[in-house]
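Subject: Structure handover

Hello,

Here is the structure you will be working with. Please open it alongside this message.

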Amino acid sequence: MRAETAAAGHNLKRTQINWFKYSSPQTFFPLAAKLTPWFGAAAVLLCAIGLYIGFFVAPTDAQQGDAYRIIFIHVPAAWMSMFLYVVMAFWAGAGLVFNTRLSGMMASAIAPSGAIMTFIALWTGAVWGKPTWGTWWVWDARLTSELILLFLYFGFMALQAAIDDPRRADKAGAVLALTGVVNIPIIYFSVQWWNTLHQGASVSLKSAPTMAATMLLGMLVMALGFWMYCIATTLLRVRRIILERERRSDWVAQYVRTMK
Amino acid sequence: MLTALRCVIHRDLLLAMRRRADVLTALLFFVIVVSLFPLGLGNEPNLLRTIAPGVIWVAALLASMLSLTRMFSEDHADGTLEQMLLGSTPLGVIVVAKVAAHWLVSGLPLVLIAPVLALQFDLHQSLLWTLTLSLLLGTPVLSLIGAIGAALTLGLRGGGILLSLLVLPLYVPVLIIGAGTVDIESAGLSAQGHFLVQGAFLVIAATFSPWAIAAALRISAE
């Protein structure tokens with residue numbers, strides 16, 4: 001089957017630009033190796049700039065004091081957590097439809113990053129909630145759906161971990177991820193209805209005052225930094241997955257020999 | 001196709017009737033879990049009345065999940081599932097029949113016994129119908145979503161616990177709206193909107209999950 005996909009790739013090359021050149025693990029592996037340090041460096045740089053703006057340049061909030069500064073980590077992490085699930089489901093779905101091996105590997109490489117981002121968002125949210133709301137946890141619609149998102153990530157990873165055959169793990173994970181993607185908006189809205197029904201939290205995130213420009217800038221820079229971090233770690237992880245799954249192929253044997 | 005549908009339902013019901021203990025276990029589990037809550041929380045009637053819908057719904061959710069692992073595992077073990085995958089009947093139809101049989105065996109009894117348990121919680125009598133109807137609309141969705149998880153974890157080690165990890169987060173909307181139906185009615189508002197949403201869940205789940213279940217079965221039985 002591997003030979004077939006490779007052959008299909010070559011046929012395509014003759015007729016047009018080969019968009020799929022890097023869809024093979026073998027060609028993607030060195031590309032990922034080349035890209036990882038760049039994304040990693042960008043992540044360090046952007047996060048350093050973002051944190052500097054966040055902690056030293058941005059003004060103290062009139063209502064929340066300095067406690068608000070955790071949003072420079074919290075908000076980007078929350079954005080990434082949701083976005084990464086969609087990206088993960090996209091790759092998983094692509095793997096299911098086109099039967100490409102790398103797509104499934106990408107999906108399983110993204111999942112831990114997504115789970116970490118979700119966890120950071122929840123954790124920083126709790127740390128921020130204590131001084132601001134006076135409680136670690138509120139059954140707010142966003143908090144609750146974020147928590148369920150974390151469970152969905154865990155479910156995805158647990159399912160993949162339980163299946164020994166990587167191809168089956170990819171496909172089963174894909175079905176689960178796609179089911180989750182359909183469910184996420186339903187979960188979000190039902191949690192919101194539930195929240196309004198139960199007379200929700202007295203403090204709403206929606207009534208936050210408009211942000212100062214420097215705050216927004218700091219947050220956006222941090223968000224970019226988190227993007228870069230997630231891309232770098234995903235590439236790093238996908239390289240490991242490629243090596244592990246392709247360990248019986250010649251090129252990996254050759255690669256390992258050169259490494260020694 | 002309809003013959004196949006009826007045939008599979010009939011077969012699964014017959015198998016369930018031959019092993020009545022399995023069916024009764026899930027039902028007993030439901031009754032026991034619900035009865036444990038007053039023991040843990042105290043017998044203050046107002047408190048019990050408030051928690052009744054939630055407790056019954058959560059217990060129903062867990063009880064219907066308990067029997068999920070059996071949905072495909074025996075057919076998988078004795079090779080019936082392989083024949084079903086190879087046969088000319090669309091897998092979606094067979095899957096719908098299996099889910100329907102699962103609901104008849106493990107969902108419907110819960111729906112029927114729930115009002116009795118609700119009486120133990122001193123739930124107002126006018127709410128009993130609301131509770132029953134909400135469970136009637138909600139439990140098939142649980143079976144449909146649960147079947148996806150059951151198909152995905154077919155033949156895996158630690159399948160049962162893994163199944164709960166996969167399925168429970170997906171049950172959240174059903175639980176929220178289902179228990180909310182009773183809550184809103186007890187607050188004196190019309191529960192019609194909630195019933196409509198539950199109906200919508202059922203339609204969506206019935207439309208899409210057979211595909212997902214069939215796909216998952218093909219993956220698991222490869």
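Predicted model: local features only at pLDDT ≥ 70, side-chain atom pairs only at ≥ 80, totals over all residues.

Residues are numbered from 1 along each chain as its sequence is written, chains are lettered from A and ligands numbered from 1 in the order in which they are written, and side-chain values use heavy atoms, with hydrogens and water left out.

Chain A

Chain A has eight helices and zero strands (helices are DSSP runs of H or I with at least four residues, strands are runs of E with at least two, and both are numbered from the N terminus). Of the 260 residues in chain A, 44% are buried; buried means under 20% relative accessible area, exposed over 50%, and partly exposed in between, with a 1.4 Å probe and protein chains only. The accessible surface of chain A is about 13,900 Å², and carbon and sulfur atoms account for 69% of that surface (Shrake-Rupley method, 1.4 Å probe; for residues, only the protein chains shown count as cover). Taking contacts in chain A between residues at least 6 apart in sequence, 78% join residues at least 24 apart, where contact means heavy atoms within 4.5 Å.

The interface

On the chain B side, 27 residues are in contact with 28 residues of chain A. The area buried between chain B and chain A is about 2,300 Å², with 77% from carbon and sulfur atoms; buried area is the accessible area (1.4 Å probe) that two parts lose on being put together, summed over both. Three residue pairs are in polar contact between chain B and chain A, both residues at pLDDT 80 or more. Helix 8 of chain B gives the largest share of the side that touches chain A, twelve residues. That side of chain B divides into 20 nonpolar, four polar and three charged residues (Ala, Val, Leu, Ile, Met, Phe, Trp, Tyr, Cys and Pro count as nonpolar, Asp, Glu, Lys and Arg as charged, and the others, Gly among them, as polar).

One residue to look at here is A:Ile163, in the loop between helix 5 (141–162) and helix 6 (166–197) of chain A. A:Ile163 counts as buried because its relative accessibility is 6%. Leaving out residues up to four places away in sequence, A:Ile163 touches A:Arg168, A:Ala169, A:Ala172 and B:Leu156.

Salt bridges

Over all chains, the structure holds nine salt bridges, each a side-chain nitrogen of Lys or Arg within 4 Å of a carboxyl oxygen of Asp or Glu. In chain A, the side chains of A:Glu246 and A:Arg101 form a salt bridge at 2.7 Å, N to O. This pair links parts of the chain 145 residues apart, with A:Glu246 in the loop between helix 7 and helix 8 and A:Arg101 in helix 4 (residues 101–133). A:Glu246 has a relative accessible area of 5%, so it is buried.

In chain B, B:Asp12 pairs with B:Lys98 in a salt bridge, the closest N and O atoms being 2.9 Å apart. B:Asp12 is in helix 1 (residues 2–18) and B:Lys98 in helix 6 (residues 91–120), 86 residues apart. Both B:Asp12 and B:Lys98 are buried. A network of salt bridges links B:Arg11, B:Asp12, B:Asp75 and B:Lys98.

Regards

Conventions. Polar contact = N/O pair within 3.5 Å; in protein donor to acceptor, adjacent residues only side chain to side chain.
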